Protein chains: 2
Amino acid sequence: MNNNIVKLQAYLRRRKIDGMLITEPSNRRYLSGYTAPDHGIQETSGVLLVPAKGAPFLLTDSRFLLQAEEEASGYIIRQYKKGLFSLLQQILPALKIRSLAFESHYFLHSSALRMEKMAKKIKVKLVPIVGRVEQMRVIKSEEEIKGLKKSQHLNERVFQLVYSTIEPGMSEIEIGLAMELTMRELGAEKPSFDTIVAFGTNAAKPHAVPTDRILQSGELVLIDMGLVLDGYCSDMTRTFIAGKPNETYLERLRVVRKAQLAGIKALRAGVICRDVDRAARKVKGNTGCGDFFGHGLGGGVGLAVHEAPSLTQRSRKKLRAGMVVTIEPGIYLPEWGGIRLENMAVVREDGCELLNEDVTGMDI
Amino acid sequence: MNNNIVKLQAYLRRRKIDGMLITEPSNRRYLSGYTAPDHGIQETSGVLLVPAKGAPFLLTDSRFLLQAEEEASGYIIRQYKKGLFSLLQQILPALKIRSLAFESHYFLHSSALRMEKMAKKIKVKLVPIVGRVEQMRVIKSEEEIKGLKKSQHLNERVFQLVYSTIEPGMSEIEIGLAMELTMRELGAEKPSFDTIVAFGTNAAKPHAVPTDRILQSGELVLIDMGLVLDGYCSDMTRTFIAGKPNETYLERLRVVRKAQLAGIKALRAGVICRDVDRAARKVKGNTGCGDFFGHGLGGGVGLAVHEAPSLTQRSRKKLRAGMVVTIEPGIYLPEWGGIRLENMAVVREDGCELLNEDVTGMDI
């Protein structure tokens, strides 16, 4: 059986909880190998029921039975025909589960109300738990780090292939599509998030959505992209000028790059997350805006493109070896545009190791 | 102000509730015009706070401020820097909101626990509500129906463009990519769900994910696709043979098509949802499998690709004029493959109106 399941079961026994429901899709994949995606939290493709001892269950509906049987090795697959809670009402007493944990951070309030009714009927005690499996996921094994590196390297290859074709006259949508098409042609499952391509002032929105705006010569281009390869996500951002960069741009770029390097330098096991953010944020320079980025400096990447830890101004968590994070400072000026540079790195005992090789727009 | 907001405010006043939080992304768009997508329920791009009287608020973080100001006309935009609940703790007393409804069906259990603490501090009563705005959305205006028709027609055009190029030697992934690329080239925002392309036995999975399987001459092809155009979703499924269909296939296809036509015939304002499902399901014929489809016959489509009503064996809801639904019976035989046919239709007083014109594979 999957080693992660063994660890989770040991945790349940330590806490004297008889079983746990896993609803969060990346946790489900991490524990079972079952890859079906959810179409939003209201439309799950299955739920794990992990007893503190014995074989775990994957509960799903008829649409996913075949895939569940193919992928979730070691799992007992059960189909719910009248909904999850009606099936649980049968299974829980049969397994003598009297206390049941569930993922409070990935469980709808309305579903919890219905589950409470069911649990009351069969005298099961519910235990809301937040982030337990995420906590396991935050430290990556060397095999997972290899997977993340492969994902980011493929991401860089895709970027370079399309980057070499970018020229004035192309639209943001066109470049975004070319990126996503190339990702999948080269074997990615899908983009890890909606690709951002933003020209000029559009780049002032940190989460810009590509438009049909046409690239003009000399304009700024910001591309934020990532893909999923064998389940693992990548994420990187590059900003460059279509043509010859002017001095204002270069001056601002240098500040962002300096901030990024300061963040990378601060990244090491034992350091507090917000101190990494602070190291980047305290870089000073002529950016034209008082404030640095309103978002955090970066965050964890793994099976999900956004996961723990958070490198924000408020996070007091301590970095540990094996965490994988982005370092992505930026500046945003609504009248002018924005610059963001983003790499991924794995935290090591004595520093960090970059998962990127690409240096587009950073040779300044 | 948006007419939908006026209706929601009237509802709140009738129920003597001072305000409501809107967290569900399609509801947010419906009420405000704000189009930013969420990256999962744990990463919202904003929340509406609708007081029973007066101007509504859109609460968001720094990443989305510009877009919010551009799109949410009539809204007061406020930024949360220390999280949503900390901002609410200031705003609610200022607006004299003493009872606050929230969308229980799109609110995490863990967030509700935190909101309860905040509400207790400022003596605000919380009122969980399920599906109120969805209920408003279920009856489409003629303008919305026009939007859905445009979306489905574009979907059909995309299908036909790519269909005419399909030949043995292509992979499922390749065809799926061509569909999604063509969607966006022709102006769609994005696919409304992950395009399904399944050959032969792969089509036995109702939610198949495209693989690198290569199409052989004479094999069955199932394509289930949809796109988003100006916010509105389309959804259709076609099944056909790459080459000359054999008698087994045709016999099974005829049963599915008959079931679809029976469903369409039963579709009319005043009919109970499950009776439409039943009308299709009771069609008999030599399908090679005892059971018809394990899923429901269809469901509503609008700003979301899956919304109310549900045409399932259990739904006792009554159909009303202006509802827009899919009719998608199917058969699935693991050793052989699957056939599903899916059209969209708008419910009218005296029957229904199909949103499809395409008849690929249905001329039998």
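Two strands pair if DSSP finds at least two bridges between them. Helices (H or I, at least four residues) and strands (E, at least two) are DSSP runs, numbered from the N terminus. By these rules, β1 (residues 19-22) and β5 (residues 99-103) of chain B pair in the parallel sense over 2 bridges.

This is a predicted model, in which local features need pLDDT of at least 70, side-chain atom pairs count only at pLDDT 80 or more, and totals for chains, interfaces and linings use all residues. Residues are numbered from 1 along each chain as its sequence is written, while chains are lettered from A and ligands numbered from 1 in the order in which they are written.

**Chains A and B**

- Chain A can be laid on chain B with an RMSD of 0.0 Å, by a turn of 180° and a shift of 0.0 Å along the axis. The two copies are thus related as by a two-fold rotation axis. The superposition is by least squares on the C-alpha atoms of residues with pLDDT of at least 70 in both copies.
- Contact means that the C-beta atoms of two residues, placed from the backbone, lie within 7 Å. On that basis, 32 residues of chain A are in contact with 31 residues of chain B.
- Three elements of chain A give two or more residues to the side that touches chain B: α3 (65-71), α5 (109-121) and α8 (172-185).
- That side of chain A has 17 nonpolar, 11 polar and 4 charged residues. Ala, Val, Leu, Ile, Met, Phe, Trp, Tyr, Cys and Pro count as nonpolar, Asp, Glu, Lys and Arg as charged, and the others, Gly among them, as polar.
- The copies meet through the same surface, because 97% of the interface residues of chain A are also interface residues in chain B.

**The six-stranded sheet of chain B**

- An open sheet of 6 strands runs in the order β4-β3-β2-β1-β5-β6, with mixed pairing.
- β4 (76-79) and β6 (125-129) of chain B stand at the edges. Each has a single partner strand, so one side of each is left without a neighbour in the sheet.
- From one strand to the next, the twist averages 25°.
- Helix α4 (residues 84-94) of chain B lies across β2 (47-51), β3 (57-60), β4 and β5, and runs at about 150° to β3(B). Axes are lines fitted to C-alpha atoms, for helices over the stretch in contact, and angles run from 0 to 180 degrees between N-to-C directions.

**The three-stranded sheet of chain B**

- Here 3 strands form an open, antiparallel sheet in the order β8-β9-β12.
- The edges are β8 (196-199) and β12 (236-241) of chain B, each with a single partner strand, so one side of each has no neighbour in the sheet.
- The twist averages 10° from one strand to the next.
- β9 (residues 220-225) and β12 of chain B pair over 6 bridges. B:V221 has B:F240 as its bridge partner.
- Helix α7 (residues 142-163) of chain B lies across β9 and β12, at about 25° to β12(B).

**A hairpin in chain B**

- β18 (residues 343-348) and β19 (residues 351-354) of chain B pair in the antiparallel sense over 4 bridges.
- A hairpin through 2 residues joins β18(B) to β19(B). B:G351 is the bridge partner of B:R348.

**Helix α10 of chain A**

- In α10 (residues 273-281) of chain A, the buried residues are A:C273, A:V276, A:D277, A:A279 and A:A280. Seen down the axis of α10(A), they fall within an arc of 160°, so they line one face of the helix.
- A residue is buried if 20 or more other C-beta atoms lie within 10 Å of its own, exposed if 12 or fewer, and partly exposed in between, with C-beta atoms placed from the backbone. The arc is that of the directions from the helix axis to the C-beta atoms.
- The buried residues of α10(A) pack against α9 (247-266) and β14 (307-311) of chain A.
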